[in-house]
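This report goes through one protein chain, from single residues to the chain as a whole. Please keep the sequence and the 3D view open while reading.

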Amino acid sequence: MPSLPMPITDVFVALADPRQTNKVQHSLAETLTVAVCGILVGADTFEEIQAWAQEKLPWLRRYLELPNGIPSHDT
């Protein structure tokens, strides 16, 4: 019997987060998930990823928490 696909965020949860904990506003796993999804739909720059994610925020929130919204392109 086939197994269910692994959520993409589960792939990133195991990564060590090198950022300073007191300066973090966005989950590393969620930030990377947003970036990968943006790239998969054709975004070529960090600015395009952010613009796509802002436009798709309601859809992304069906799968991600994003308590502080979409990370900026500088994140």
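## Thr-9

Thr-9 counts as buried because its relative accessibility is 18%; buried means under 20% relative accessible area, exposed over 50%, and partly exposed in between, with a 1.4 Å probe and protein chains only. Thr-9 belongs to helix α1. Helices are DSSP runs of H or I with at least four residues, strands are runs of E with at least two, and both are numbered from the N terminus. Beyond its neighbours within four places in sequence, Thr-9 is in contact with Ala-29, Thr-33 and Leu-64, where contact means heavy atoms within 4.5 Å.

This is a predicted model, in which local features need pLDDT of at least 70 and side-chain atom pairs count only at pLDDT 80 or more, while totals for chains, interfaces and linings use all residues. Residues are numbered from 1 along each chain as its sequence is written, and side-chain values use heavy atoms, with hydrogens and water left out.

## Overall layout

The chain has four helices and zero strands, in the order α-α-α-α along the sequence. The C-alpha trace spans about 45 × 30 × 20 Å along its principal axes. Of the 75 residues, 31% count as buried. Among contacts between residues at least 6 apart in sequence, 37% join residues at least 24 apart.

The accessible surface of the chain is about 5700 Å², and carbon and sulfur atoms account for 59% of that surface. Accessible areas come from the Shrake-Rupley method with a 1.4 Å probe, and for residues only the protein chains shown count as cover.

## Helix α2

With 13 residues, α2 reaches 18 Å from its first C-alpha to its last, close to the 18 Å expected at 1.5 Å a residue. The expected span is 1.5 Å times one less than the number of residues in the helix. After α2 comes Gly-42, which has a positive phi near 110 degrees.

Which residues of α2 are buried? They are Leu-28, Ala-29, Glu-30, Thr-31, Thr-33, Val-34, Cys-37 and Gly-38. These buried residues pack against α1 (8–13), α3 and α4.

## The nonpolar core

In soluble globular proteins, nonpolar side chains tend to be buried together. The largest nonpolar core here has eleven residues: Val-34, Cys-37, Ala-43, Ile-49, Trp-52, Ala-53, Leu-57, Leu-60, Leu-64, Leu-66 and Ile-70. Such a core is a set of buried Ala, Val, Leu, Ile, Met, Phe, Trp, Tyr and Cys residues joined through side-chain atoms within 4.5 Å. At least two residues of this core come from each of α2 (28–40), α3 (46–55) and α4 (57–60). The most come from α3, which gives three residues.

Leaving out residues up to four places away in sequence, Leu-60 touches Val-34, Trp-52, Ala-53, Leu-66 and Ile-70. Leu-66 lies in the segment after α4 and counts as buried because its relative accessibility is 3%. Most residues other than glycine have a negative phi. Leu-66 is not a glycine, yet its phi is positive, about 45 degrees.

## The loop between α1 and α2

Asp-17 sits in the loop between α1 and α2 and is partly exposed, with a relative accessible area of 35%. The side chains of Asp-17 and Arg-19 are joined by a polar contact of 2.8 Å. A polar contact is a pair of N or O atoms within 3.5 Å; within protein, one must be able to donate a hydrogen and the other to accept it, and residues adjacent in sequence count only if both atoms are side-chain atoms. Asp-17 and Glu-65 are 48 residues apart in sequence, with their C-alpha atoms 18 Å apart.

Ala-16 is in the loop between α1 and α2 as well. Ala-16 is exposed, at a relative accessible area of 70%. Its C-alpha atom is 27 Å from that of Trp-59, 43 residues away along the chain.

## Database annotation

An unreviewed UniProt entry places the feature "domain: H repeat-associated protein N-terminal" at residues 10–75. UniProt positions are given in the numbering used here, feature names are shortened, and annotations may be inferred rather than shown by experiment. Over residues 10–75 the chain is 47% helix and 0% strand, and the end C-alpha atoms are 20 Å apart.
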